[in-house]
Amino acid sequence: MISIYFRLASNAIKKNKALYLPYIFATSLLGIIYFLLSSLSTDTYVLSLDGGRTVAEVLSMGLYVIKIFASIFILYISLFISRKRTPEYGVLSVLGMEKKHLIGLIFVENLILCIAGIVISLFGGVAFYKIVQSLLLKTIGEPLDHTWRVNIKAFMDVLLIYLAVYVLIFLIQSISILRRKTIDVIKSSSKGEKMSKLDYVLGALGIIGLTVAYFIASSMPDDFKATKIDRLIASFAGDVVLVILATFLFFASGSALIFTLLRGIKHFYYKKTNFILLSGLSFRMRKNGVGLASICILFTMVIVSVAGLASFYSIVDSELITGISHNLIIQNVVHINTDDSYKVEVEIYASDVLQKLEESTDKRNVAMDVKEIDFLLYNSGTIKDGKFVIDYGQRDFDKEVDYSEALMLVADDVSKFSTKPIELKDNQIGVIIPNILVFEESLIVSEFDTIVLPDGKEYEAVYLVDEYSFAQRRDVLDAVYFVFPCSEEEVLERVRFDEFIDSKVNNATNEKVSREFFEALFSPAVPVYFIDFDAGYYEQKEIMKDAGIWATEYNDDTGETYYVFPFEQQAGDMIDFYDIYKGILFVAVALVVVFLTMSILVLYYKNVFDAYEDLKNFQIMRKVGLDERLIRKCVYAQMLITTLLPIVIASLHTLFAENFIKALISMFELRELNQYTNLTLVTTLVFIAVYVVIGIITSQVYIKIIKGKAY
Amino acid sequence: MAILEVKNLKKVYTTRFGGNKVTALSNVNFEVNEGEFIAIMGESGSGKTTLLNILAALDGATCGEVVLNGKTLKSIKDKDLAKFRREELGFVFQDFNLLDTFSIKDNILLPLVLAGSKTSAMEEALAPLAKKLGITELLNKHPYEISGGQKQRAACCRAVITNPKILLADEPTGALDSKSSDELLSMFEKLNKDGQTILMVTHSVKAAAYASRVLFIKDGEVYHQIYKGDSTNQEFYNKITDSLQVMMGARV
């Protein structure tokens with residue numbers, strides 16, 4: 001008995017090889033990709049690489065996404081195929097097979113497909129894994145590992161996914177067999193060509209839904225920073241859901257509704273090409289709606305995420321990632337004891353570090369650029385009636401007044417950070433309000449045009465446009481910069497620094513508190529070095545190791561790497577960023593392959609089934625006087641429209657998503673977003689090209705069948 | 001006046017590599033006059049469908065010629081064939097061949113649309129014809145919503161809407177129950193009275209009895225023919241049965 005099932009099942013699969021070969025190939029490919037990524041995410045070589053741990057983490061997160069998509073896809077395609085095969089089961093039941101026999105047959109069929117998929121996935125997976133691993137070892141110059149190991153976790157993962165999906169497939173198919181009457185099984189698909197009232201309503205909903213979603217997207221405010229992030233994410237998520245639902249409705253009913261409405265225009269409809277095309281199209285779109293809608297959504301997701309990822313990468317700069325404007329910023333590390341001792345201890349002298357950095361860069365032949373700037377002192381003042389009065393914070397805290405911190409600098413230092421000379425008269429003070437503070441709205445400064453210093457004189461405030469990279473330091477307080485066109489001593493004189501310190505010392509309740517302590521506290525003339533290297537971040541890491549200012553610690557509990565260093569530097573964060581990016585890129589490439597495989601298969605099946613149904617229709621038309629040329633014209637036009645509609649709608653989706661994506665990217669404080677538009681355009685064009693190639697290849701099978709040569 | 005002349009028609013099918021040859025028609029000769037209703041009878045494999053396919057210009061003859069309305073089919077260029085078929089011939093098939101993607105109305109209008117007629121002209125042609133054939137009520141339905149008899153009437157309507165010189169029917173009652181068959185054949189009779197020339201292939205004696213002349217085909221040749229003359233359908237039915245028995249007997 002069992003052997004009969006096996007014979008029947010294997011015959012059925014052989015007979016339908018046009019359906020099952022691509023299916024087995026595609027499902028195995030998904031299995032291989034999954035196995036490969038899963039193996040890599042636990043590969044000892046990958047983990048031992050610089051940043052390998054981060055890449056592996058991103059990979060294992062990406063695996064969840066792939067798992068979900070691959071499962072849904074396998075489920076969808078198998079149910080699609082089994083629906084098409086329903087008449088076969090009908091014939092078998094007429095020949096005397098009972099439902100339990102049919103279910104047995106379905107079980108064996110699924111068993112064969114499942115085992116085939118698992119076996120090919122595993123062998124392919126192991127082979128691909130070996131290839132990728134060898135390439136990896138070759139790149140990092142390690143000797144090749146000649147042992148063949150099967151990653152047990154990956155193996156179990158693939159096995160479990162396959163079993164879970166196939167159990168689900170078997171259950172759904174069995175239930176549908178149990179629920180059907182024999183006669184229904186034989187009469188397969190010719191019902192339901194006419195639009196029902198519900199179809200009209202759903203179709204209209206789809207079109208309206210798309211319009212509303214597009215409207216919401218295009219009416220997003222340009223002023224991104226004004227949009228609150230949680231509101232932005234909520235409306236983006238809402239719009240995405242709306243677009244997905246509306247796309248399905250549009251493809252399944254909406255497009256047919258449009259074609260039906262067009263059929264109502266008699267003068268347009270009763271022209272020979274339109275006549276044949278429109279009737280064929282509304283029928284085709286309804287049959288393939290779900291598949292085409294899925295392709296459309298997949299492609300939209302691919303285009304938007306690839307373009308988003310690429311533009312994020314292209315506009316992302318080190319300053320954005322790290323919040324630091326230079327490769328390295330160092331200053332003396334001073335410990336001010338606020339305990340009983342009130343001692344001021346310098347832990348690290350910046351000049352010593354600088355010395356070591358110079359030695360290392362000389363040895364490595366790397367150019368190093370050092371800019372020194374003295375931050376004279378923090379000071380604060382009240383703003384009233386357009387006057388900024390420096391008062392060392394001696395204000396009445398009970399009264400509500402506008403006040404701000406100010407950092408004092410000299411023009412000579414500041415001009416090192418710009419190509420433009422700073423021209424200030426003796427009675428003027430330059431004012432820099434850092435962009436980053438303006439952008440974050442964290443600094444609210446009332447307008448002022450006069451600055452009153454403790455020397456009693458009034459100075460004119462001259463606003464300088466912030467183009468100075470030192471002003472982008474993220475560690476500073478929310479403060480404005482005052483730039484003086486004189487020497488440091490002169491500045492300290494003007495603000496009566498000595499008098500201020502004197503008063504502090506005199507008023508000190510504890511005699512241990514020294515003048516030095518107060519000077520350190522209010523930091524007069526602290527030199528800060530802004531350093532840039534002509535080297536990549538990985539080499540910078542080595543340089544800093546040489547200079548003894550790089551340390552990493554790995555926490556076994558959380559599995560995270562910490563960077564421990566006393567200075568601000570970009571390399572650590574940047575290396576982290578690149579590692580994450582590499583992982584994401586790997587997952588993205590895998591996902592694109594998965595999505596493309598799905599699209600190819602959906603289009604392939606659509607064309608095979610459409611072709612057999614259209615063939616009948618065209619034969620009839622030929623008998624009533626339709627010439628070959630017109631048939632060919634209609635065949636191509638119909639196929640072109642049904643095949644291209646998903647990518648056209650996907651491009652529209654992408655176009656309207658632009659505002660949202662820009663807004664999302666702008667959450668990362670990017671101000672220059674023009675890149676996204678260009679990259680989206682490029683990505684869209686690339687994917688349209690890829691899609692058209694897929695379309696042309698899969699349409700060959702359709703044309704072959706229609707020409708009567710196929711199979 | 002002869003509207004269709006079939007002279008020395010021969011059709012030999014060859015397998016792809018030229019091995020076996022099967023002679024479907026060996027030597028067929030007959031004429032159809034304008035306004036005639038002809039039934040062609042013969043057993044399965046006698047070459048009826050081959051003959052019809054050649055008359056419909058769907059298949060070419062090995063030798064011999066078919067002259068329709070003074071034009072030799074062979075002289076018509078390939079690219080004009082579809083147009084010729086559309087304008088000169090109307091078809092009714094055993095399995096209706098209605099398109100599920102179209103409403104009945106659009107199915108009937110298909111030949112006119114292909115011919116590039118004006119929308120107003122189409123409506124004018126359709127309304128009286130639909131009324132005559134009793135399918136006005138069905139026009140907005142789809143093929144899968146109506147019965148076989150209704151489908152065949154619609155197919156018939158499609159076949160004659162272009163006023164073809166000759167209506168070719170291939171086993172039109174083959175898929176119908178007897179009541180629907182009777183209705184369809186009466187309709188053929190009515191169309192014929194109004195001047196429509198009809199050539200019908202059938203192996204139903206009852207269907208053939210509605211014709212004015214019956215041709216019997218055997219072994220690829222016209223073996224015998226009988227005229228209805230003034231006899232009633234019932235009398236003609238008996239005559240046809242007799243002829244068939246003679247034909248069967250001759251084989252034994």
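Modeller: Residues are numbered from 1 along each chain as its sequence is written, and chains are lettered from A in the order in which they are written. In this predicted model local features need pLDDT of at least 70 and side-chain atom pairs count only at pLDDT 80 or more, while totals for chains, interfaces and linings use all residues; side-chain values use heavy atoms, without hydrogens and water.

Biologist: Happy to start with helices. Why are α2(A) and α6(A) called oblique to each other?

Modeller: Helix α2 (residues 17-41) of chain A and helix α6 (residues 99-139) of chain A pack at an angle of about 45°, with axes 7 Å apart. Axes are lines fitted to C-alpha atoms, for helices over the stretch in contact, and angles run from 0 to 180 degrees between N-to-C directions. Angles under 35 degrees count as roughly parallel, over 145 as roughly antiparallel, 65 to 115 as roughly perpendicular and the rest as oblique. The pair is therefore oblique.

Biologist: And which residues of α2(A) and α6(A) meet?

Modeller: Among them are A:Gly31, A:Ile32 and A:Phe35 in α2(A), and A:Gly124, A:Gly125 and A:Phe128 in α6(A). Contact means heavy atoms within 4.5 Å. By class, this contact has 14 nonpolar, 8 polar and no charged residues.

Biologist: Now back to chain A. How do you know that A:Ile33 is buried?

Modeller: Buried means under 20% relative accessible area, exposed over 50%, and partly exposed in between (1.4 Å probe, protein chains only). A:Ile33 has a relative accessible area of 11%, so the residue is buried.

Biologist: Where is A:Ile33 found, and which residues is A:Ile33 in contact with, leaving aside its neighbours within four places in sequence?

Modeller: A:Ile33 is found in helix α2 of chain A. With those neighbours left aside, A:Ile33 is in contact with A:Ala590, A:Val593 and A:Val594. The C-alpha atoms of A:Ile33 and A:Gly124 are separated by 9.1 Å, and the two residues lie 91 residues apart along the chain.

Biologist: What does the model score overall?

Modeller: The model scores ipTM 0.80 and pTM 0.73.

Technical notes: Helices (H or I, at least four residues) and strands (E, at least two) are DSSP runs, numbered from the N terminus. Ala, Val, Leu, Ile, Met, Phe, Trp, Tyr, Cys and Pro count as nonpolar, Asp, Glu, Lys and Arg as charged, and the others, Gly among them, as polar.
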